[in-house]
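User: I would like to learn how to read packing features from a model. Could you walk me through them with an example?

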Amino acid sequence: MNSQLYRPILDVLSGLMLVSGVLMLGRVRVRSLLRLFAAQSFALMLIAAAGAYFEGRWHLLITAALVFAIKVVFLPIFMVTVMARGRVGERLSFTMRPPLSMFTALVMVVLGFYLTTSLIPTLGDNFFIAAVSISLALLGLLMLMTRKGLYGQIVGFLILENGIFTLGLALTGGMPLIVEVGVFFDVTIGAILMALLTYQVHGESRRADTEYLETLID
Amino acid sequence: MYIILLAFAAAITALACILLRSYRAVSMAAMAGAVVTFVLALAAVAAWFGYFPVGYAGLKFDGFGAVILALIATVQLFAVAAGIPYIKDELEEGTITLMQARLYGALIPLFVISMAIAVSANSLGLMWIAIEATTLATTMLVAFYTKGGSLEAAWKYILVCSAGIAIGLIGVMLFYYAVYLAGNGADVTSVTWSGLLAAAKTLPPAVVKLAFVFIFIGFGTKVGIVPMHTWLPDAHGRTPSPVSGMLSGVLLSVALLIIYRAKVVVDAVLGSPAWSNNFFIFFGALSVATPVCFMIKQKNYKRLLAYSSIEHMGLAVFSLGFGPAGVVFAMIEVIGHAFLKSALFFGTGNILLAYKSTKFEKVSGVARHLPRLAVLFTVALVMLLAVPPSPLFFSELGVFSLGFAAHPYVSAVVLLALVLAAGSFFMNFMPMLFVSHEHAAPEHYTKEHWNAVHTVMVAALVLAVGFGLALLVGPGQDMISRIISII
């Protein structure tokens, strides 16, 4: 095993995750957003697989398989199916326009790197991947807050989760298998429930944004 | 051991509710499941307190955890009992279908077992999974009526809580990282509350502090601590009333327990509780003061009760910032609130069934049309406002005696907020209960019969008042000193 390659591979893959995260903030259509999400999750899968290969943590292979099956394949296809059956337009709607979102996203990345340096000083080699994952979590939160579309919010939540998952890999080389499987199970059920709720909203209102969902205020 | 039996009971009940044909059978299965859960959970609690000799391996928790598990056991039994006539009524009126009733029956045991696991899991990872599972199990109960408002409430609930708990996951991972650093990079197989406490001296303080902040924000979302509370009035206002009772009565306290455990760890690592106390006092005071603004002019009685839950949780959080005695008062607060608030929510179920509205303006003269309910509701209301012998009287007296000594100005604000909240209760509820208007009469009026909801409210009131009285005399003193010695 050539462990010299490990670090550059990790850095490139996590860099790709970050780039796809920023790009996602600029998407206007659900399908292209989901394609980018699948690509990001594919990079996450490769990070887990690289951890298994170079560090001998073979349980990460199971994690990688789960990431592939659920985040790369199942969730994007499931959401596209729900959208097609709900017969709603696939344009996302925003409270913040895509160009401005992308600019804010870059600011978030800077903030993420700054936070990582100042908060967790003991990272050493893992600095880049940890900073990327914190930035991704911030990007996910940004997406959650600035998208009115239900799909945009679901994907925002999933980006947040991808970031946190990467952080787990960076900090501890992966949580114990049972915990990872459980977290995965929860996230998957959560995303399915969100999609089902979205489907019910389609049935009630023929649209896919939160304007219909603004009656409960004090 | 117990937790596995509990999980079995929950799985069987859920399956039975989905598969059985008639509502009668479903409700009997649900009730049987609730009774079994009640007995098993109480046995686990008794084993923990040392009253019950059979081993309780696998269940590890602190005194606070044991109390919360006992609350879960009791309130779920009440909620299932109160839910049977409630759902039956809605079924007969065609508000819901039999399939929805089955789903309701099946989701409740899953929700209860997730709470029980979250409380008794020693592993932080397992605890996180269980907490997120409580959100997932209740989302469909919030969306139960599938009307616009319910979907909105469910959407806010799952999104805000899942995002919050995801942030809590960062905290959990940072605890793993702290253990990883302390062990010089050895693989971390599991991180447990007891393990963290035992290794407290070796953990790096900077990472543990950061972990605590993330856990406080993340799980604080689930407690309903103020800047993260936005989902709470919607979700509690929209679910079927028996579920509202469980959400308010116990789920909030389960999340509070997690934050408390994180506090115990960070205090042990830092060697002093001063740092974390500030969080609890500041956010606790904020959570008591803010909801009052929404309570005074509130139009919806279920939302008013929900805001009041934020307030009581805020008071418990506030109380946790005052050392061991504060913890005891927080516990009393949580216990009293669990019984009284769930009783009130169960009562709103009957009001809703009779008047078909959750708005104050559409409901009047409850005392005339539903006299039995009105009496019980009023008693519970007065007890919730901490009139002795309510247990809340003792906890609030205790909190303020600690608070005024340490932080007089903050405590004064909190006390003022509580007074205003009590005022908002009287202003809004008394006309609804005791004044009759023609335009706000019940839509669906049949002579009131005694049903399970009344029985359950009586039981909850007896428990709450009994607990309050017990604090006055011998056994309560004994229990409190026992709890203090545990802490």
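Predicted model: local features only at pLDDT ≥ 70, side-chain atom pairs only at ≥ 80, totals over all residues.

User: At what angle do helix 15 and helix 18 of chain B pack?

Analyst: Two packed helices are described by the angle between their axes and the distance between the axes. Here helices are DSSP runs (H or I, at least four residues), numbered from the N terminus. Axes are lines fitted to C-alpha atoms over the stretch in contact, and angles run from 0 to 180 degrees between N-to-C directions. Helix 15 (residues 371–384) and helix 18 (residues 452–472) of chain B pack at about 25 degrees, with axes 10 Å apart. That makes helix 15 of chain B roughly parallel to helix 18 of chain B; angles under 35 degrees count as roughly parallel, over 145 as roughly antiparallel, 65 to 115 as roughly perpendicular and the rest as oblique. Helix 15 of chain B passes helix 18 of chain B in a left-handed crossing, meaning that the near helix is turned anticlockwise from the far one by less than a right angle.

User: Which residues meet between helix 15 and helix 18 of chain B?

Analyst: Two residues are in contact if their C-beta atoms, placed from the backbone, lie within 7 Å. On helix 15 of chain B the residues include Leu373(B), Leu376(B) and Val379(B), and on helix 18 of chain B they include Met457(B), Val458(B) and Leu461(B). By class, this contact of helix 15 with helix 18 of chain B has 10 nonpolar residues, one polar and one charged. Ala, Val, Leu, Ile, Met, Phe, Trp, Tyr, Cys and Pro count as nonpolar, Asp, Glu, Lys and Arg as charged, and the others, Gly among them, as polar.

User: How do helix 1 and helix 5 of chain A pack?

Analyst: Helix 1 (residues 6–24) and helix 5 (residues 127–146) of chain A pack at about 15 degrees, with axes 9 Å apart. Helix 1 and helix 5 of chain A are therefore roughly parallel to each other, and their crossing is left-handed. Among the residues making the contact are Leu10(A), Ser14(A) and Leu18(A) of helix 1 of chain A, with Phe128(A), Val132(A) and Leu136(A) of helix 5 of chain A. The residues of this contact of helix 1 with helix 5 of chain A divide into nine nonpolar, four polar and one charged.

User: How many residues of chain B are in contact with chain A?

Analyst: The size of an interface is often given as the accessible area lost when the parts come together. Here we count residues: 36 of chain B are in contact with 33 of chain A. Helix 6 of chain B gives the most to the side of chain B that touches chain A, with 19 residues. That side of chain B has 24 nonpolar, eight polar and four charged residues.

User: Is Ile129(B) buried or exposed?

Analyst: A residue is buried if 20 or more other C-beta atoms lie within 10 Å of its own, exposed if 12 or fewer, and partly exposed in between. Ile129(B), in helix 5 of chain B, counts as buried, with 24 C-beta neighbours inside 10 Å. Leaving aside neighbours within four places in sequence, Ile129(B) is in contact with Gly182(A), Val183(A) and Asp186(A).

User: Which residues touch the most other members of the largest nonpolar core?

Analyst: In soluble globular proteins, nonpolar side chains tend to be buried together. A nonpolar core is a set of buried Ala, Val, Leu, Ile, Met, Phe, Trp, Tyr and Cys residues joined through C-beta atoms within 7 Å. Of the 262 residues in the largest one, Leu69(B), Ile72(B), Ala116(B) and Leu256(B) touch the most other members. Helix 6 of chain B contributes the largest share of this core, 23 residues.

Terms used. Residues numbered from 1 in each chain as written. Chains lettered and ligands numbered in written order. Helix = DSSP H or I, 4+ residues; strand = E, 2+ residues; numbered from the N terminus.
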